[in-house]
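Subject: Structure for your study

Dear colleague,

Please find below the structure that I am handing over to you. I would ask you to look through it first and then to read the notes that follow.

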Amino acid sequence: MRFILPVGLIATTLAIAPVRFDGEKVLRVKLQDEKQANIIKDLAQTNQLDFWYPDAAHHVAANMTIDFRVSEKESQSIQSSLDQNKMHYEILIHDLQEEIEKQFDVKEDIPGRHSYAKYNNWDKIVAWTEKMVHKHPEMVSRIKIGTTVEDNPLYVLKIGKRDERRKAIFMDCGIHAREWISPAFCQWFVYQAAKTYGKNKIMTKLLDRMNFYVLPVFNVDGYIWSWTQNRMWRKNRSKNQNSNCIGTDLNRNFNASWNSFLNTKDPCAETYRGPEPESEKETKAVTDFIRSHLKSIKAYITFHSYSQMLLFPYGYTSKLPPNYKDLAKVAKIGTDVLSTRYETHYIYGPIASTIYPTSGSSLDWAYNLGIKHTFAFELRDKGKFCFLLPESQIKPTCKETLLAVKFIAKYILKHTS
Ligand SMILES: [Zn+2]
């Protein structure tokens, strides 16, 4: 027995040991021209570059400022290539593992308890959904809209009085697993909505007249994986046929120009679109829910990070949407309102021209379905901590974002029929 136990322990430890990122770097490169963009694309062919901005080498273009993660082993040769070609770059993150540990910079009030000031794992979020319903039975209800590939429940919280005929806004967070600030915002929104109803004038008016459907974690399996195995995980966790690579990018899996970009075809790509539109259980659950509530849903808002942008359609074409002026006006005022709290600067505009072109996104899909006010937030920051925004920034981020969301909701209440 004395020999068996340690071996068993080692095996268990190996099986569950999360990926470590010791010495990994995140580089920011300011590309001057086409030639430099091509150098990066070439480097991406021969090295394991994880693109943080834009989200794939395919979108790298002249005059863009790009961020990517590189292993400790490859960083030396990458940096010398950049130096040789006289390219401007800075090291945003020197040791990714250190940064991962540093994001937990808020002390727990009560160990193990859900907290709005901290990142919460999936188990805490599930328990929190129950608590919200229990605490505010008149205002909050929980709807199971489906299950994930790994059979986890997909919960939408409905906030508002129980009248189906009213206007509604659908919001989702955490479609990309590693963007942890996003689910944190959805939890904050539900909490603030329920807590300030009857006290805050705007929130009371909103909830008296409309409902909010909030999906706090869209990509549950990926989110769990980002907590337990790989902090940098983005996609869902479905197995791919004829490939060892796992996962589909759920935000490329919607039926909106799904087939148009070549770089989404490879199951090993971070932006893999899946075998067909809505092939993923998570996407299907959301699209079915939205389709069946289409009469009431007047706006769709999705939350990502990072880069501080408020985006609207289209992603798959540079054509402007028919109500461009209206969307731009809402986005302008929304970002202005957001900045009033801490002077956080956001830019806004159509996805394709403001961030980079995307196909199969939830935003374009919802817009084409007939929801004429669709927005995507890219929350804090602009590239200091990137996906590893410290917990001490959760509350400020949530507070400023809530101002913008309340403004959008107020606008929807007044200007949609
Ligand atoms: Zn994202």
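Glu378 is located in strand S12; helices (H or I, at least four residues) and strands (E, at least two) are DSSP runs, numbered from the N terminus. The model is a predicted one, in which local features need pLDDT of at least 70 and side-chain atom pairs count only at pLDDT 80 or more, while totals for chains, interfaces and linings use all residues. Residues are numbered from 1 along each chain as its sequence is written, and side-chain values use heavy atoms, with hydrogens and water left out.

An unreviewed UniProt entry places the feature "active site" at Glu378. UniProt positions are given here in the numbering used for this model, with shortened feature names, and annotations may be inferred rather than shown by experiment. Is Glu378 buried or exposed? Glu378 counts as buried because its relative accessibility is 11%, where buried means under 20% relative accessible area, exposed over 50% and partly exposed in between (1.4 Å probe, protein chains only). Leaving aside neighbours within four places in sequence, the residues in contact with Glu378 include His304, Ser305, Tyr306, Tyr346 and Ile355; contact means heavy atoms within 4.5 Å. A polar atom of the Glu378 side chain lies 3.5 Å from the backbone nitrogen of Tyr306.

**Aromatic rings**

How many aromatic pairs does a search of the whole structure find? The search finds 26 aromatic pairs. Rings of Phe, Tyr and Trp (its six-membered ring) pair if their centres lie within 6.5 Å; planes under 30 degrees apart count as stacked, over 60 as edge-to-face and the rest as tilted.

Phe104 and Trp227 form a tilted pair, with 6.1 Å from centre to centre and 50° between the planes. This pair links distant parts of the chain, 123 residues apart: Phe104 is in the loop between helix H4 (96–102) and helix H5 (122–135), and Trp227 is in helix H8 (residues 220–228). Phe104 is partly exposed, at a relative accessible area of 36%, and Trp227 is partly exposed, at 26%.

Phe303 and Phe377 form a stacked pair, with 5.1 Å between the centres and 15° between the planes. Here too the pair links distant parts of the chain, 74 residues apart, with Phe303 in strand S9 (residues 297–305) and Phe377 in strand S12 (residues 373–379). Both Phe303 and Phe377 are buried.

Ring pairs also join Phe104, Tyr119, Trp180, Tyr223 and Trp227 into a cluster.

**Charges over rings**

The charged end of Arg237 sits over the ring of Trp225, 3.5 Å from the ring centre. Lys372 lies over the face of Tyr367, at 4.0 Å from the ring centre. A charge sits over a ring if NZ of Lys or CZ of Arg is within 6 Å of the ring centre and within 35 degrees of the ring normal.

**The chain as a whole**

The protein chain has 13 helices and 12 strands. Its radius of gyration is 21 Å, close to the 22 Å that the globule rule gives for 417 residues, so the chain is as compact as a globular protein of that length. The radius is taken over C-alpha atoms, and the rule is 2.2 Å times the number of residues to the power 0.38. Of the 417 residues, 59% count as buried.

A colleague

Notes: A polar contact is a pair of N or O atoms within 3.5 Å; within protein, one must be able to donate a hydrogen and the other to accept it, and residues adjacent in sequence count only if both atoms are side-chain atoms.
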